[in-house]
Amino acid sequence: MRIICVFVKFFAAAAALCLSACNSESGPERTTPAEFGEVTFSPAEVAPDTDVTVEAFVTSQYGFHRIDIVYILDDDDSDVRFTSLLRSFEAEATSLTYKGTIPRQKAGRKVTFWVRAITAYDVVTLSDPRSYTISKEDEEEKTEQPN
């Protein structure tokens with residue numbers, strides 16, 4: 001009889017653990033997005049032979065899994081590109097200044113980008129979009145010539 005009671009208690013405990021694991025409600029860590037401060041890029045005037053540096057202050061009370069830059073060229077949503085993956089964080093980092101680079105592009109192209117943060121619990125957040133247009137080479141020549 002004593003053995004049966006032990007087995008019943010064991011199976012009851014196992015069932016309770018299984019039910020709690022199947023709980024469909026998520027805690028706030030699975031729904032709380034990262035937050036962005038100001039997102040900046042430099043240089044302000046981008047030449048065709050220039051990489052663009054992007055900087056953003058990012059916070060997440062539940063930590064980070066990764067941060068990177070998502071960008072498209074000439075408003076073409078069918079060609080999404082990613083760059084400057086940051087995956088190494090201090091163990092308990094909840095805020096940081098992210099710095100990444102968008103590679104140089106051809107003259108006349110429009111670059112639209114977002115900083116993307118993925119929290120430690122896989123909540124994906126995008127910053128507000130920013131964009132710039134690569135100056136055309138002939139425009140640069142005109143501004144460099146004396147009047």
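Lys-110 has Thr-133 of strand 8 as its bridge partner. The model that shows this pairing is predicted, so local features are described only at pLDDT of at least 70 and side-chain atom pairs only at pLDDT 80 or more, whereas totals for chains, interfaces and linings use all residues. Residues are numbered from 1 along each chain as its sequence is written, and side-chain values use heavy atoms, with hydrogens and water left out.

Strand 8 covers residues 130–133 and runs antiparallel to strand 6, to which it is joined by four bridges. Two strands are said to pair if DSSP finds at least two bridges between them. Strands themselves are DSSP runs of E with at least two residues, helices are runs of H or I with at least four, and both are numbered from the N terminus.

Strand 6 also pairs with strand 3 (residues 64–73), in the antiparallel sense and over nine bridges. In this pairing, Phe-64 stands opposite Thr-119 of strand 6. A further antiparallel pairing, over three bridges, connects strand 6 with strand 7 (residues 124–126), and here Arg-116 lies opposite Leu-126 of strand 7. The hairpin of strands 6 and 7 has four residues between the strands, and within this hairpin Asp-122 adopts a positive phi near 65 degrees.

How is strand 6 placed relative to the rest of the structure? Eight of the 10 residues in strand 6 (residues 110–119) are buried, so the strand is largely enclosed by the rest of the structure. Buried means under 20% relative accessible area, exposed means over 50%, and partly exposed lies in between (1.4 Å probe, protein chains only).

Charged side chains form another set of links. Side chains of opposite charge can pair when their charged atoms come close. The structure holds six salt bridges, a salt bridge being a side-chain nitrogen of Lys or Arg within 4 Å of a carboxyl oxygen of Asp or Glu. One of them brings together the side chains of Lys-110 and Asp-75, at 3.3 Å from N to O. This pair links distant parts of the chain, since Lys-110 belongs to strand 6 and Asp-75 to the loop between strand 3 and strand 4 (81–86), 35 residues apart. Lys-110 counts as partly exposed because its relative accessibility is 28%, and Asp-75 is likewise partly exposed, with a relative accessible area of 48%.

Another salt bridge joins Asp-51 and Arg-104, whose closest N and O atoms are 3.4 Å apart. Distant parts of the chain are again linked: Asp-51 is in the loop between strand 1 (35–42) and strand 2 (52–59), Arg-104 is in the loop between strand 5 (95–102) and strand 6, and the two are 53 residues apart. Asp-51 is partly exposed at 33% relative accessibility, and Arg-104 is partly exposed at 48%.

Arg-66 and Asp-68 meet through their side chains in a salt bridge of 3.2 Å, N to O. Asp-68 is buried, because its relative accessible area is 1%. Arg-66, Asp-68 and Arg-116 are linked in a network of salt bridges.

The protein contains two helices and eight strands, arranged from the N terminus as α-β-β-β-β-β-β-β-β-α. Of its 147 residues, 28% count as buried. Among contacts (heavy atoms within 4.5 Å) between residues at least 6 apart in sequence, 62% join residues at least 24 apart.
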